[in-house]
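Here are some notes on the helix packing and the aromatic side chains, written to be read with the structure open.

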Amino acid sequence: MSEAVPDDYPRPPELDAVFHCSEIRTDGDRVLYYGVSDVDEDELVRRIWPAFREAGYEAQVVNTDTGLDVVVARPSADGLDGVPWVNVGLFVATVLSTLLVGATAWYYIPFSEILSNPLTALRAWPFTAAVLGVLMTHEFGHYAMGRYHGVDVSLPYVIPFILPFGTMGAIIRMRGHMPDREALFDIGVAGPLAGLAATVVVTVVGLLLGPFTVPASVLGGGGQVIVFNNPPLLDLIAAALNQQTGYSDPTQTAHPVIMGAWVGMFFTVLNLLPVGQLDGGHIVRAMVGERQETVAAMVPVALFGIAAYLYFVRDLAVNESVGLWAFWGLFSAFIAYRGPANPIEDEPLDTRRVAVGLFTFALGLLCFMLVPIQVTAV
């Protein structure tokens, strides 16, 4: 139900210049302007958004069935409003899921033992700390840069899951428009760079912890195991530290903390795909403007091409990375169709930011693996 319109509602002259307002209503803290615009939706937002932002409001245009245009203005978020229970709940759930998966899959603790004494899952805390440390650092990089540019961004939502890592990653929500290409670039690039910095730290710690002993009960019996191949960046760090990532002794394997680094590197590759509103899509949209959609259209083709090469030329099974790249080909086609985030001001980036963008994609290539997952006999 609409409420009485307050006397101090924003009514910038930029709105009246292109929008014939016939009625104003309020809905909670939102102010709704009904009328007819002289310009299309994108141009209307571009003209009125800076003035509303200066008045402390976020403005957007919505479509209705009445034939009228509606401008919706709501107060810009200024920090947290109460306890973010959803974020906290998901984080706690993901701590539990990564502890459970880490304990059973990477610390080789029998599930029956965890059922009889759940506290034994706490032995996997280094794995949980590694995985969540990398993911949360990545997302807080986005969050911090979003707050710096005055963009309404949520705290990270980390997603619990099952095998192989106990999580599907983390996301933040951007509620509102992007002011310009600089803000879009800075927010997009901050996550991968922060996450990769954390990944390097986790990699070094995992390598220095040395090999992890595989229980005798796990060895033998034949069959097949899933192998997570090393990204080039992991091998480079190991070589710099003169540390091993593989061992000839079957009773030894890389420390589970290394899997936290693997997760960070692989998720970096996926996030840097230059499509839609993934980090790579934000970065490329800021760097090349609307030509980003041409780049995005080629990504599904490339991913399907990788899947076809692995299946028909390398003769790998579907579960040996073929299905992984085919899935991401479908997913990237979907998010490419939805389009990128479009900034209000579309001025080109400076040379320094373009160089940082190219450097970020170069780091992403060091995390790329043609065959991330492979099945081998034991």
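1. Let's start with helix H10 (residues 292-313) and helix H11 (residues 318-338), whose axes lie 8 Å apart at an angle of about 165 degrees. Please keep in mind that this is a predicted model. Since angles over 145 degrees count as roughly antiparallel, H10 and H11 are therefore roughly antiparallel to each other. The crossing of H10 with H11 is left-handed.

2. Which residues of H10 and H11 meet? From H10 come Ala296, Val299, Pro300, Leu303, Phe304, Ile306, Ala307, Leu310 and Tyr311. Their partners in H11 are Val318, Ser321, Val322, Trp325, Ala326, Trp328, Gly329, Leu330, Ser332, Ala333 and Ala336. By class, the contact of H10 with H11 has 17 nonpolar residues, three polar and no charged.

3. Next, look at helix H5 (residues 125-148) and H6, with axes that come within 7 Å and cross at roughly 155 degrees. That makes H5 roughly antiparallel to H6. Here the crossing is right-handed. On the H5 side, the contact includes Ala130, Gly133, Val134, Thr137, His138 and Gly141; on the H6 side, Asp186, Ile187, Gly188, Ala190 and Gly191 are among the residues involved. The contact of H5 with H6 divides into nine nonpolar, ten polar and one charged residues.

4. Helix H6 (residues 181-208) also packs with helix H8 (residues 257-271): their axes come within 8 Å, crossing at roughly 155 degrees. H6 is therefore roughly antiparallel to H8. H6 passes H8 with a left-handed crossing. Leu196, Thr199, Val202, Thr203, Gly206 and Leu207 of H6 face a set in H8 made up of Val257, Ile258, Gly260, Ala261, Gly264, Met265 and Thr268. Seven nonpolar and six polar residues make up the contact of H6 with H8, with no charged ones.

5. How many aromatic pairs does the whole structure hold? The search finds 17. Ring pairs join Trp106, Phe127, Phe165, Phe228, Trp262, Phe266, Trp325 and Phe368 into a cluster. Trp325 belongs to this cluster and is also one of the H11 residues that meet H10.

6. Finally, a charge over a ring: Arg25 lies over the face of Tyr34, at 4.6 Å from the ring centre.

Note on methods: Residues numbered from 1 in each chain as written. Predicted model: local features only at pLDDT ≥ 70, side-chain atom pairs only at ≥ 80, totals over all residues. Heavy atoms only, no water. Axes fitted to C-alpha atoms, helices over the stretch in contact; angles between N-to-C directions. Helix = DSSP H or I, 4+ residues; strand = E, 2+ residues; numbered from the N terminus. Parallel < 35°, antiparallel > 145°, perpendicular 65-115°, else oblique. Left-handed = near helix turned anticlockwise from the far one by under 90°. Contact = heavy atoms within 4.5 Å. Nonpolar A, V, L, I, M, F, W, Y, C, P; charged D, E, K, R; others polar. Phe/Tyr/Trp six-rings, centres within 6.5 Å; stacked < 30°, edge-to-face > 60°. Lys NZ or Arg CZ within 6 Å of the ring centre and 35° of its normal.
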